[in-house]
Amino acid sequence: MPRAVNGTIHKNRRKKVLAKAKGFRGGRSKLFRTAKSAVMKAGQWAYRDRRKKKSEFRKLWITRINAAVRENGMSYSKFIHALKTHGINLDRKTLADLAYNHKEVFNALVEKTKVAK
């Protein structure tokens with residue numbers, strides 16, 4: 001009786017790895033051994049960067065808020081402190097969107113925090 005070598009399982013596993021490596025350059029998308037290590041490394045980077053993306057967006061929001069606040073003659077830290085003391089609970093994502101897309105609303109908000117010290 002011939003030995004069963006699980007050809008379909010073997011082939012499907014390789015096909016799955018090569019499908020994940022589609023778009024990689026050179027042998028990394030064609031050769032199983034190099035594709036396997038490339039897919040594993042890509043997964044590690046993806047895992048790391050899903051977490052890193054959150055801090056990068058927060059940095060972007062803070063930069064946008066700071067630039068918009070400085071146009072109105074105030075610093076970022078004083079503006080955030082003034083918002084907290086006046087009980088205005090807007091997160092940095094919303095503030096950055098206001099500063100970037102709705103300047104007049106953001107400027108009114110800055111003036112409100114300046115006046116009511």
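Reader: Quick one on Trp61: buried, exposed or partly exposed?
Author: This is a predicted model, and in it Trp61 is partly exposed, with a relative accessible area of 22%. The cut-off for buried is under 20%, so Trp61 does not count as buried.

Reader: Which ring does Trp61 pair with?
Author: Phe57. Phe57 and Trp61 form a tilted aromatic pair, with 6.1 Å from centre to centre and 40° between the planes. Phe57 is partly exposed too, at a relative accessible area of 41%.

Reader: And where do Phe57 and Trp61 lie?
Author: Both are in helix H2, four residues apart, which is about one turn of the helix. An α-helix has 3.6 residues a turn, so residues three or four places apart point the same way.

Reader: How many aromatic pairs are there?
Author: The count comes to two.

Reader: OK, charges over rings. What sits over Tyr100?
Author: The charged end of Arg64, 4.1 Å from the centre of the ring.

Reader: Which residues of H4 are buried, then?
Author: Leu95, Ala96, Leu98 and Ala99, in a helix that covers residues 92–101. Seen down the axis of H4, these buried residues fall within an arc of 160°, so they line one face of the helix.

Reader: What covers the buried residues of H4?
Author: The cover includes helices H2 (32–71), H3 (76–85) and H5 (103–115).

Reader: Let's look at H5. What's Thr113 up to?
Author: Thr113 is in helix H5 and counts as buried, at 1% relative accessibility. Its side chain reaches the backbone oxygen of Val110 at 2.7 Å.

Reader: Which residues does Thr113 touch, leaving out those up to four places away in sequence?
Author: Met74, Phe79, Ala82, Leu83, His86 and Ile88.

Reader: How many salt bridges in the whole structure?
Author: Two. In one of them, the side chains of Lys114 and Glu111 meet at 3.8 Å, N to O. Lys114 and Glu111 both lie in H5, three residues apart, about one turn of the helix. Lys114 is partly exposed at 26%, and Glu111 is partly exposed at 37%.

Reader: And which side chain does Arg48 meet?
Author: That of Asp49, in a salt bridge of 2.9 Å, N to O. Arg48 is partly exposed at 43% relative accessibility, and Asp49 is partly exposed at 32%.

Definitions and conventions:
Residues numbered from 1 in each chain as written. Predicted model: local features only at pLDDT ≥ 70, side-chain atom pairs only at ≥ 80, totals over all residues. Heavy atoms only, no water. Buried < 20%, exposed > 50% of the residue type's maximum accessible area, 1.4 Å probe, protein only. Helix = DSSP H or I, 4+ residues; strand = E, 2+ residues; numbered from the N terminus. Arc of directions from axis to C-beta. Contact = heavy atoms within 4.5 Å. Phe/Tyr/Trp six-rings, centres within 6.5 Å; stacked < 30°, edge-to-face > 60°. Lys NZ or Arg CZ within 6 Å of the ring centre and 35° of its normal. Polar contact = N/O pair within 3.5 Å; in protein donor to acceptor, adjacent residues only side chain to side chain. Salt bridge = Lys/Arg side-chain N within 4 Å of Asp/Glu carboxyl O.
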